[in-house]
Amino acid sequence: MDRFRIHGPCRLSGSVEASGAKNAALPALAATLLAREPVILRRVPRVRDIATMRELLSRLGVESEEAENGLRFHPGGGDGSSEALYDLVKTMRASVLTLGPLTARRGRARVSLPGGCAIGVRPIDQHLAGLAALGAEVRLEHGYVETRAEGGLRGARFRFEMPTVTGTENVLMAAVLAEGDTVLENCAREPEIGNLIEVLETLGAKIDGRGTDTLRIQGVDALGGGDATIIPDRIEGGTYLLGAALTRGDVTLERCRPRDLEPLLEQLDSTGARVETGPDRVRVQTDGELRARDLQTAPHPGFPTDLQAQYTTLMTQARGRSRIRETVFENRFQHTAELMRMGAEIEVRGDTAEVDGPTPLTGARVMATDLRASACLVLAGLAAEGETLVQRIYHLDRGYEGFEEKLTALGCRVERTPGPPTP
Ligand code: UD1
């Protein structure tokens with residue numbers, strides 16, 4: 001298992017381009033199951049979760065290949081297997097995004113339940129309730145969800161109990177091929193859902209309400225093919241901007257969408273970092289002291305839970321006490337124990353972490369527990385004195401394209417080294 005060896009401290013400085021958003025690309029790839037003609041998706045990031053989704057699609061009969069600036073998908077006749085097996089689903093929860101498209105296009109699906117997850121229980125009851133509202137028969141058996149809709153899905157009105165990102169995407173993808181009209185209420189409003197709507201519209205779907213919590217879908221008989229582009233990754237880009245503030249650096253994030261980054265930029269501004277935005281770029285610089293600022297995560301347009309761990313690292317270097325409240329997932333503070341081993345002062349009480357800063361960080365051997373927690377440990381390593389060894393970086397490889405190359409280009413010393421083999 002590879003590890004990152006980081007020689008700190010360093011100052012992030014220069015320009016870096018945002019990659020395409022993993023969390024927008026994953027549902028877009030799943031949507032190719034709905035298409036009848038080839039689909040080209042541009043700016044798909046080269047990360048492990050995308051490779052996993054391509055492998056899953058291939059087993060489901062959708063082959064893909066490299067195309068200029070993107071990937072080309074060949075949907076085939078829609079008669080491939082409708083089964084997503086545990087071996088792939090366990091490595092990537094987002095495999096569950098095949099459930100809606102398979103049920104809508106092939107009238108049946110059998111998808112392994114994702115099971116427990118490092119950041120909480122994460123049920124999929126809302127995905128299933130939404131599909132059932134559209135007329136699918138849903139059964140849970142032997143660790144699998146099985147759906148049947150042999151006569152096709154029918155449009156319906158459905159209200160999500162809470163805004164769920166992949167839940168909204170799954171039910172939306174099913175509804176585009178349902179007979180008649182569907183209204184989905186209390187939908188999540190993350191930019192990645194807006195991107196999925198653009199992709200589906202390119203293929204011929206009829207959807208109203210992009211960016212709001214109510215989506216109205218007019219079902220169509222079939223979707224064709226098309227050419228669509230994935231939006232920039234606000235979580236990946238946000239990680240570099242937080243790194244700039246943390247290391248008293250100066251980073252310009254290029255080819256990004258500043259409006260998607262607004263919750264982060266407002267928060268950074270309140271800590272005393274200097275933030276400048278252009279049409280498709282954001283610059284963050286800090287030279288003086290940062291102020292501790294409280295934070296609460298929330299569904300979009302609130303502060304994204306996927307940047308909470310990285311923000312926690314930032315607060316270890318800000319003056320004062322900050323209270324960081326996680327409201328989206330339970331059990332998403334595992335990174336704090338590792339940060340404390342590097343010298344951070346953090347106390348976790350229920351859903352809130354209290355951070356006292358600034359405290360000097362020193363390099364240590366630390367263990368990544370999930371994707372975003374891994375990023376926060378790499379950031380801590382950049383700010384720490386001496387060598388930090390981040391183990392289990394396969395978590396990072398799931399979602400950060402060229403992480404060490406980008407950090408090296410920004411002036412840091414980060415190497416990937418092979419670790420001991422997996423037991
Ligand atoms: C997606 C993102 C993930 C991000 C999260 C929140 C992808 C591939 N992943 O995950 O990176 O951290 O949004 O922004 O896009 N819930 C239920 N029942 C359900 C569905 C969700 O109770 O059927 C709960 C979850 O346990 C959680 C909350 O709703 O507490 C939000 O989760 P959700 O938005 O569904 O997260 P994901 O879509 O899994």
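## Burial and the Phe pair

A residue counts as buried under 20% relative accessible area, as exposed over 50%, and as partly exposed in between, with a 1.4 Å probe and protein chains only. Phe-160 has 1% relative accessibility, so Phe-160 is buried. Phe-158 is also buried, because its relative accessibility is 11%.

This is a predicted model, in which local features need pLDDT of at least 70 and side-chain atom pairs count only at pLDDT 80 or more, while totals for chains, interfaces and linings use all residues. Residues are numbered from 1 along each chain as its sequence is written, and side-chain values use heavy atoms, without hydrogens and water.

## Aromatic rings

The whole structure holds five aromatic pairs (ring centres of Phe, Tyr or the six-membered ring of Trp within 6.5 Å). Phe-158 and Phe-160 make an edge-to-face pair (planes over 60 degrees apart). Their centres are 5.0 Å apart, and their planes stand at 85 degrees.

One aromatic cluster is formed by Phe-4, Tyr-240, Tyr-400 and Phe-403. A charge also sits over a ring (CZ of Arg or NZ of Lys within 6 Å of the ring centre and within 35 degrees of the ring normal). Here Arg-110 lies over the face of Tyr-144, 4.0 Å from the ring centre.

## Ligand shell

Helices here are DSSP runs of H or I with at least four residues, strands are E runs of at least two, and both are numbered from the N terminus.

## Polar contacts and cover

Polar contacts are pairs of N or O atoms within 3.5 Å. A polar side-chain atom of Asp-125 is 2.7 Å from a ligand nitrogen. The side chain of Asn-23 places an N or O atom 3.1 Å from a ligand oxygen. Pro-123 has a polar backbone atom 3.4 Å from an oxygen of the ligand. On its own the ligand has 740 Å² of accessible area (Shrake-Rupley, 1.4 Å probe), and the protein covers 86% of that area.

## Gly-272

Gly-272 is in the loop between α9 (262-271) and β16 (274-277). With 35% relative accessibility, Gly-272 is partly exposed. Its C-alpha atom is 27 Å from that of Arg-349, 77 residues apart along the chain.

Methods:
Polar contact = N/O pair within 3.5 Å; in protein donor to acceptor, adjacent residues only side chain to side chain. Phe/Tyr/Trp six-rings, centres within 6.5 Å; stacked < 30°, edge-to-face > 60°.
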